[in-house]
Amino acid sequence: MTSNELETWLKGEQSTSSGWSKDDGSGETVGHESGRKIIQILDKNPDKDPDKYDEEDLQHMRKVVSYCKRHLAQEEKAKQNTDSKSYKSLKNWGHDALKT
């Protein structure tokens with residue numbers, strides 16, 4: 001997903017209806033927070049120059065890849081049902097199952 005696509009998704013109501021809530025009482029899910037971080041990373045380095053990522057960016061990108069890899073087994077369900085928690089959660093993490 002592009003930064004703009006992800007930002008639009010995260011502003012929508014559907015993005016908040018799946019995932020684990022953070023422990024800070026904010027009501028935001030872990031995936032939603034991750035999506036906001038992904039937008040920051042994409043926006044600060046739109047040319048995707050590897051030398052412009054800092055260690056925090058790299059750590060978060062590794063976390064995103066790990067999450068998506070674990071959950072892509074559910075991707076067929078996500079493609080068949082865009083109302084599923086699988087689809088919404090993957091999208092919060094920047095992966096749109098319909099685009100693959």
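Reader: Let's start with one residue. Where is the place of Lys-91?

Author: Lys-91 sits in helix α5, which covers residues 85-92. Keep in mind as we go that this is a predicted model.

Reader: Is Lys-91 buried or exposed?

Author: Look at the relative accessible area: Lys-91 has 13%, and it counts as buried because that is under the 20% cut-off. If you set aside neighbours within four places in sequence, Lys-91 is in contact with Met-1, Leu-6, Trp-9 and Asp-96.

Reader: Okay, charged side chains next. How should I read a salt bridge?

Author: Here's the general idea: side chains of opposite charge can pair when their charged atoms come close. Searching the whole structure turns up seven salt bridges. One of the pairs is Arg-36 with Glu-28, whose side chains meet at 2.8 Å, N to O.

Reader: Which side chain does Lys-44 meet in a salt bridge?

Author: Asp-57, and the N to O distance is 2.8 Å. This pair links distant parts of the chain: Lys-44 belongs to helix α2 (residues 30-44), Asp-57 to helix α3 (residues 55-71), and they are 13 residues apart. Lys-44 is partly exposed, with a relative accessible area of 45%, while Asp-57 counts as buried at 7%.

Reader: Which residues are linked with Lys-44 in a network of salt bridges?

Author: Asp-54 and Asp-57 are linked with Lys-44 in that network. For another pair, take Glu-55 and Arg-62: their closest N and O atoms are 3.6 Å apart. Glu-55 is partly exposed at 46% relative accessible area, and Arg-62 is exposed at 51%.

Reader: Now the inside. Which residues make up the largest nonpolar core?

Author: There are 10 in all: Leu-6, Trp-9, Leu-10, Ile-38, Ile-39, Val-64, Tyr-67, Cys-68, Leu-90 and Trp-93. Helices α1, α2 and α3 each supply at least two residues of this core.

Reader: Can we zoom in on Trp-93? What does Trp-93 touch?

Author: Not counting residues up to four places away in sequence, Trp-93 touches Val-30, Gly-31, Ser-34, Ile-38, Lys-63, Val-64, Tyr-67 and Cys-68.

Reader: And where does Cys-68 lie?

Author: Cys-68 lies in helix α3, and at 11% relative accessibility Cys-68 counts as buried. Beyond its neighbours within four places in sequence, Cys-68 is in contact with Leu-90, Trp-93 and His-95. For a sense of distance, compare the C-alpha atoms of Cys-68 and Thr-16: the two residues are 52 apart along the chain, and those atoms are separated by 18 Å.

Reader: How do I think about pockets?

Author: In general, rolling a probe the size of a water molecule over the atoms shows where empty space is left. Here, the largest pocket holds about 320 Å³ of space.

Reader: How many residues line the largest pocket, and which lie nearest its centre?

Author: The lining has 14 residues, and Ile-38, Leu-42, Met-61, Val-64 and Trp-93 lie nearest the centre. Helices α2 and α3 each supply at least two of the lining residues, and α3 gives the most, with five.

Reader: Back to single residues. What about Thr-29?

Author: Thr-29 is found in the loop between α1 (3-11) and α2. Although in a loop, Thr-29 is buried, with a relative accessible area of 5%. The Thr-29 side chain reaches the backbone nitrogen of His-32 at 3.0 Å. Leaving aside neighbours within four places in sequence, Thr-29 is in contact with Thr-16, Ser-18, Gly-19, Trp-20, Ser-21, Lys-22 and Asn-92.

Reader: One last thing: how do I read backbone angles?

Author: Most residues other than glycine have a negative phi. In this model, Lys-48 is not a glycine, yet its phi is positive, about 55 degrees.

Reader: Where does Lys-48 lie, and is Lys-48 buried or exposed?

Author: Lys-48 lies in the loop between α2 and α3. Lys-48 is exposed, with a relative accessible area of 54%.

Notes
Residues are numbered from 1 along each chain as its sequence is written. This is a predicted model: local features need pLDDT of at least 70, side-chain atom pairs count only at pLDDT 80 or more; totals for chains, interfaces and linings use all residues. Side-chain values use heavy atoms; hydrogens and water are left out. A salt bridge is a side-chain nitrogen of Lys or Arg within 4 Å of a carboxyl oxygen of Asp or Glu. Helices (H or I, at least four residues) and strands (E, at least two) are DSSP runs, numbered from the N terminus. Buried means under 20% relative accessible area, exposed over 50%, partly exposed in between (1.4 Å probe, protein chains only). A polar contact is a pair of N or O atoms within 3.5 Å; within protein, one must be able to donate a hydrogen and the other to accept it, and residues adjacent in sequence count only if both atoms are side-chain atoms. Contact means heavy atoms within 4.5 Å. A nonpolar core is a set of buried Ala, Val, Leu, Ile, Met, Phe, Trp, Tyr and Cys residues joined through side-chain atoms within 4.5 Å. On a 1 Å grid over the protein atoms alone, a cavity is a set of points where a 1.4 Å probe fits but cannot get out, and a pocket is an open set with protein on both sides within 12 Å along at least five of seven lines; lining residues have an atom within 4 Å of a point. Grid points are joined across faces, edges and corners, and a volume is the space filled by probe spheres set on the points.
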